[in-house]
Amino acid sequence: MQNIAKMITEQLRNPNELDISLRMEFGPFETVHKWKRMSECYEFVGARRSKHTAVAYKDAIYVFGGDNGKSMLNDLIRFDIKEMSWTKTLCMGTAPAPRYHHSAVVHRSSMFVFGGYTGDILANSNLTNKNDLFEYKFQTAQWVQWKFTGQEPVPRSAHGAAVYDDKLWIFAGYDGNARLNDMWTINLVGENHQWEHVEQKGECPPTCCNFPVAVARGKMFVFSGQSGAKITNALFQFDFETNTWSRVCTEHLLRSAGPAPARRYGHVMLHHARHLYVFGGAADSTLPSDLHCYDLDTQMWSVVQPASDSQIPSGRLFHAGAVVGDAMYIFGGTVDNNVRSGDLYRFQLSNYPRCTLHDDFGRILKSQQFCDITLLVGVDQTAVYAHQAMLAARSQYLRAKIKEAHEDLVKRIEAGEEEPTAECSYKSPPQLTVKLPEATPEAFRMVLNYIYTDRIDPTEKDEDPASPATILLVMEVLRLALRLNIPRLRGLCARYLRANLCYSNVLQALHAAHHANLSCIKEYCLRFVVKDYNFTAIVMSPEFEQMEQKLMVEVIRRRHQPHHKLPPNHDQEEEVLGTTLEQDMCVFVGGADLADVTLRVAGATRPAHRSILAARAAYFEAMFRSFSPKDNVVNIHICNTVPSEEAFDSLLRYIYYGDTNMPTEDSLYLFQAPIYYGFTNNRLQVFCKHNLQSNVSPENVLAILQAADRMRAADIKEYALKMIVHHFELVARQDAIKNLAQPLLVDMICALADDPRFDTSLPPPPRSLPSSSSADTITDDPDYIRHRCGK
């Protein structure tokens, strides 16, 4: 076992994602995804406002400009995160003129304010866009206006601004007559402070204004905004290194992802960790208050569900936001009835490492390690290798086929027709064979990829998601999904096909759906063909002339009877129903079905599957690749500690389907599991850490301390000692402290000694006794008399 652990230490799967120095921190801690209303900015500090900017610098948020509904503003107010209080910032130098719809960014120790709209909005005079640039130096509280010669950006407002590579980047906006989509940049360091026009390449966003930008991973992201008739809910990204735009497109992927937020303007988008957060704005005629999140790793949108005790801000637009540490702050904006707000809200962000369940299973499929079944696909019996556990967990049809194949193999071996191979030997092709003559190899490989990862990319060979070849391939996948009884994949295919039907593919799709008896897809195709704006062009096409007579007649009849009754189960086929990978693996874990290894902790045993264990943990991958454990039994321990049976079950749930919900006691045992077992990242460790930080209390901290010492979990032990010191008066009165081992008591004393609260000066020494030793002299001392009298 020590050799296995050494191998894992030397070749961790992804050392960049495995933080082995994760430390416990001392609370209190805010609930993740909780909205909390903070101190309101009162009028004597700063007016309620909208169309302003907010930036973060150190432990404070700086708000500049905007309008209060009557006039434009140019004050700079500050919210101190630690003190949770607002103050008006005193400034030196000449501040920018009052303005709104400007931009503000932070570079090093300065804030840069560019452009915006200035003038007297009540008198409707001197209203103009600006292209001036001001620097506010935080350390000296001084405003400085930058001066330029040469070309400059056209004056604008409602634009986007970002900082990257020591440069300020300005994009799009409104110049008073039209929306823009040009880009300019200027160096913020060095001597050369000249504006440069950026030649943009790629798929540039349409001309737009009132949109947010966010910088992440060397790219600038732009989402929605006011673009007139071209307004969309598309997400665009700009590569700073190549000056190239691209639209972030994920519609071609068959997976259960949430939709993008509705198109909107006047919203905020902020970056934190691997996520972009979108809040507020005007979505057509509504002011939504939901929070959307875009995952940069998975390229998936989702709606963040707030904690149950949240104080959720009302919908608003033209507000501002900033991220400080692990929290997002939203200030001001225009709420219902055109009212300006002075509210500040805090949202506790999560920074959990990504779930690698799908990637881990996809990796073992691609590597072909530990395959234990051969699938002979199609009429040519193309060999495809896979893992019995994964197939059985995702498809009842394949589970039945595998069971039949096992029974048939046993009969052939007993009859002497076939020699048995060594159990769990991966040196030769799997002996167990299942035939699937009704499938095509290309479509089945896509289905197999879905079984392991819950997603398919049908455009790997043909980038056009609506090409006839891609449509026919997805239809074949749909047919297989029906055959293999995978309802969720069936729904995803149906949704994809309906979204990508067009002139160039509908007739081929109709023909294929008719012969495959896919009534739902056939109905989609017929309805598309007979629509008024489609029918003439399609009927006049050469492809329609080559259509078989039966289908041609059906099209003509449908044209004259367009109100056709939908086929049975139409709604079910269109909706994405069925179970996810996590749900299927949740049912599968702990069952003896197809188990090929036994895990033992203390006196308890659990059946398990080698392929799943190896996919998720480098420890098991190295073990099963090197040797087969005796009697197929693996003794479970974490470092030198044997976990409890309950913690062992929590570990299995995490391995099989990524579950991180567990009691506090289990978190204690599993804190070091990601390091010892070589998981892809430390997601489990972070959840254990948060669980412990949130639930360790003065009442149970002594038990946690003893367990951490026994497990040699130095981080948790240090955290427990901190809590004991912090709540020493409560802990010291507990009976459990009398049962602590002497080394732990010494650790407590050392922790108390190291705490600065106990580092106080000693009381003054007692006065020296007189040199005379006579009784009369001593008794004359009043302190001594009181002591002797007991007073």
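User: How much of the chain's accessible surface belongs to carbon and sulfur atoms?
Analyst: The total is about 38,300 Å² (Shrake-Rupley, 1.4 Å probe, with only the protein chains shown as cover for residues). This is a predicted model, where local features need pLDDT of at least 70 and side-chain atom pairs pLDDT 80 or more, while totals for chains, interfaces and linings use all residues. Residues are numbered from 1 along each chain as its sequence is written, and side-chain values use heavy atoms, leaving out hydrogens and water. The carbon and sulfur share of that surface is 50%.

User: What percentage of the residues count as buried?
Analyst: The chain has 791 residues. Taking buried as under 20% relative accessible area (1.4 Å probe, protein chains only), the share is 50%.

User: Why is strand S21 largely enclosed by the rest of the structure?
Analyst: Look at residues 268-272, which make up S21. The strand is largely enclosed because, of its five residues, the number buried is four.

User: Which residue in S22 is the bridge partner of Met269?
Analyst: S21 runs antiparallel to S22 (residues 275-279), and five bridges join them; strands pair if DSSP finds at least two bridges. In S22, the partner of Met269 is Val278.

User: Which residue in the turn between S21 and S22 has a positive phi?
Analyst: The two strands form a hairpin, with two residues between them. A phi of about 55° in that turn belongs to Ala273.
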